[in-house]
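Dear colleague,

I am passing on a structure for you to look through, and below it I have written out what was found. Please keep it open beside the text as you read.

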Amino acid sequence: MALVLNIETATTNCSVSLSKDGETLVLKEDNSAGYSHAETLHVFIKDVFEAANINTLDIDAVAVSKGPGSYTGLRIGVSSAKGLCYALNKPLISVSTLESLSRQVKAEEGIIIPMLDARRMEVYSAIFNHNHELIREIKAEILTEDSYADLLKENKVYFVGNGVAKTKQLINHPNAIFIDGKLPSANEMGSISEMKHKKSDIEDVAYFEPYYLKDFVAIKKKA
């Protein structure tokens, strides 16, 4: 039974929640300003504590979305989470971005594929069953018309995340269900961070790094 501050910055959605016993108490998020996490994250953290009328020292842990996702977004989220853990002497919990995204889909059967746009025709994806249990590890993969064909033959397949827009341009199958316009949110992190807290599944605050999946590549501005 834990009170956890959850931080999600892996995409353009800057999202913060306070959860108790795995249930969201307060959620503050905004996707309208793009990657403005450096300016808004700490404001949102302050806002959720004030809205819940909870002192920062009252929390049991800080959870952060560990990736994959935006290099800059992840760095900001993880750096902020680590700073809070040091300052408050609280444990750090990491949550898979794609696992929490998968929990936006509620299904009684079938397969869930959360996916994040990785530019061009590539996505970061993982595969979960309808109970949100991982059945294929996270990969960076290039989409084709044959992607997930074997799964689609036998199952309803729910695609969720900002990688869906490019996926539905290629895949046309009656078992494909596209849930567009969804981004990872701290709202779904609470149930995962609660389970990890119970198991003392925590990170080394000094050495923990985000899961980028691919190396960061700096792009030069055009002259």
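How many salt bridges does the structure hold? There are 8 salt bridges in the structure, where a salt bridge is a side-chain nitrogen of Lys or Arg within 4 Å of a carboxyl oxygen of Asp or Glu. Before going on, please note that this is a predicted model, in which local features need pLDDT of at least 70 and side-chain atom pairs count only at pLDDT 80 or more, while totals for chains, interfaces and linings use all residues. Residues are numbered from 1 along each chain as its sequence is written, and side-chain values use heavy atoms, with hydrogens and water left out.

One of the salt bridges joins the side chains of arginine 75 and glutamate 209, at 2.6 Å from N to O. This pair links distant parts of the chain, since arginine 75 is in helix 2 (residues 71–88) and glutamate 209 is in the segment after helix 6 (189–198), 134 residues apart; helices (H or I, at least four residues) and strands (E, at least two) are DSSP runs, numbered from the N terminus. Arginine 75 is partly exposed at 31% relative accessibility, and glutamate 209 is partly exposed at 42%, where buried means under 20% relative accessible area, exposed over 50%, and partly exposed in between (1.4 Å probe, protein chains only).

Another salt bridge is formed by arginine 136 and glutamate 141, whose closest N and O atoms are 3.3 Å apart. Here arginine 136 is buried, with a relative accessible area of 15%, and glutamate 141 is buried too, at 17%.

Turning to the rings, the search of the whole structure finds 3 aromatic pairs, which are rings of Phe, Tyr and Trp (its six-membered ring) with centres within 6.5 Å, counted as stacked if the planes are under 30 degrees apart, edge-to-face if over 60, and tilted for the rest. In one of them, the rings of tyrosine 148 and phenylalanine 159 have centres 5.5 Å apart and planes at 55°, so the pair is tilted. Tyrosine 148 is buried at 10% relative accessibility, and phenylalanine 159 is buried at 0%.

Phenylalanine 159 also forms a stacked pair with phenylalanine 178, with 5.3 Å from centre to centre and 20° between the planes. Because phenylalanine 159 lies in strand 9 and phenylalanine 178 in strand 10 (residues 176–179), this pair ties together parts that are 19 residues apart in sequence. Phenylalanine 178 is partly exposed, at 26% relative accessibility. Tyr148, Phe159 and Phe178 form one aromatic cluster.
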